[in-house]
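Q: I would like to go through this structure step by step. Could we begin with its charged pairs?

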Amino acid sequence: MQLEYFLLLAAALFCIGIYGLINSRNAVRVLMSIELLLNAVNLNLMAFSNYLDADAKGQVFSVFVITIAAAEAAVGLAIVLAIYRNRDTIDMEQFNLLKW
Amino acid sequence: MNLAEGVQLVSFGILVATTIAASLGVVLLENIVYSAFLLGGVFISMAGLYLLLNADFVAAAQILVYVGAVNVLIIFAIMLVNKTEVFKPMKNAWFRKGATALVCVGLFALLGTMIQSTSWAVLETIEPVSSTALRLGQHFFSDFLLPFELVSVLLLMAMVGAIILARREFIPDLDAEQEFVFTLPERPREPVGAIGEAPDDSDS
């Protein structure tokens, strides 16, 4: 097992997440794509912590990332619910709040 | 990790296949409910990858937090936004999809060549940490004490903010002749059961 395999998998997951982040029109799917991005970063941290650092500091950072991701999911879904209640749609193309 | 090399490689291959397939399903499938359940599959296979990387505590935390909390929250949100609306087609949507796919493939190629061409200073003698929970606790309470406390405060603030954002507004003036259905002090604007089958709602 090599470090490069894990890094390549994380890069692939990151690219898939970016594709979904830009192209999806459902607002909940955008949040799911953000979770994919955070998981890719977590996998990178884990791989570096296992192969380059004997002190397991990368795992500490990944626990922080998991915590922030949970908070982000809660706040993001609350915002999506509030916008849905006001606008009656979840199409990202019609969210022109805070645009200009 | 004292598994054999072949066992590690085979399980890594299976986990990679499930991760990539499920994440492509999350992004590409039309039905959002399928996407949410496939997202759970991505999280579980990521936990398996963490186990391969000698991080058993974080793998357990991944399953608890992501599959148990975040994924359930997403499914709840999908069910609360229970409206299968057909999005209005946009002009030049194919161009945006194609350009995004091109950029993503290019980014992956760039990252791949960078990963392959860098000579990583991999430790020769990888000895796995004996008990990761103990080591993580030592880190949290010695040299990462301030971020740990800050994260706890931030989590509390985010939860309070999410509750305030998602709460329905209080409507003070109650109509006397209206049928009194809700006994909660916070009344929704419209009857909850009729959201899906409102007459002006075209196809739900």
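A: Asp91(A) forms a salt bridge with Arg25(A), and their closest N and O atoms are 2.8 Å apart. A salt bridge here is a side-chain nitrogen of Lys or Arg within 4 Å of a carboxyl oxygen of Asp or Glu. The pair links distant parts of the chain, 66 residues apart: Asp91(A) is in the segment after α3 (57-87) of chain A, and Arg25(A) is in the loop between α1 (3-23) and α2 (27-51). Helices (H or I, at least four residues) and strands (E, at least two) are DSSP runs, numbered from the N terminus.

Q: Where do these positions and values come from?
A: This is a predicted model, in which local features need pLDDT of at least 70 and side-chain atom pairs count only at pLDDT 80 or more, while totals for chains, interfaces and linings use all residues. Residues are numbered from 1 along each chain as its sequence is written, chains are lettered from A and ligands numbered from 1 in the order in which they are written, and side-chain values use heavy atoms, with hydrogens and water left out.

Q: Is Asp91(A) buried or exposed?
A: Asp91(A) is buried, and Arg25(A) is buried too. Buried means under 20% relative accessible area, exposed over 50%, and partly exposed in between (1.4 Å probe, protein chains only).

Q: Which residue pairs with Asp55(A)?
A: Asp55(A) forms a salt bridge with Arg135(B), with the closest N and O atoms 3.1 Å apart. Asp55(A) lies in the loop between α2 and α3 of chain A and Arg135(B) in helix α5 (residues 132-141) of chain B, so the pair joins two chains. Asp55(A) is partly exposed at 29% relative accessibility, and Arg135(B) is partly exposed at 24%.

Q: And what about Glu93(A)?
A: Glu93(A) forms a salt bridge with Arg96(B), the closest N and O atoms being 3.2 Å apart. This pair crosses between chains, from helix α4 (residues 93-117) of chain B, which holds Arg96(B), to the segment after α3 of chain A, which holds Glu93(A). Both are partly exposed: Arg96(B) has a relative accessible area of 27%, and Glu93(A) has 36%.

Q: Changing topic, how many helices and strands does chain A have?
A: Chain A has 3 helices and 0 strands. From the N terminus on, its elements run α-α-α.

Q: What box do its C-alpha atoms fill?
A: The C-alpha atoms of chain A fill roughly 50 × 25 × 20 Å, taken along the principal axes.
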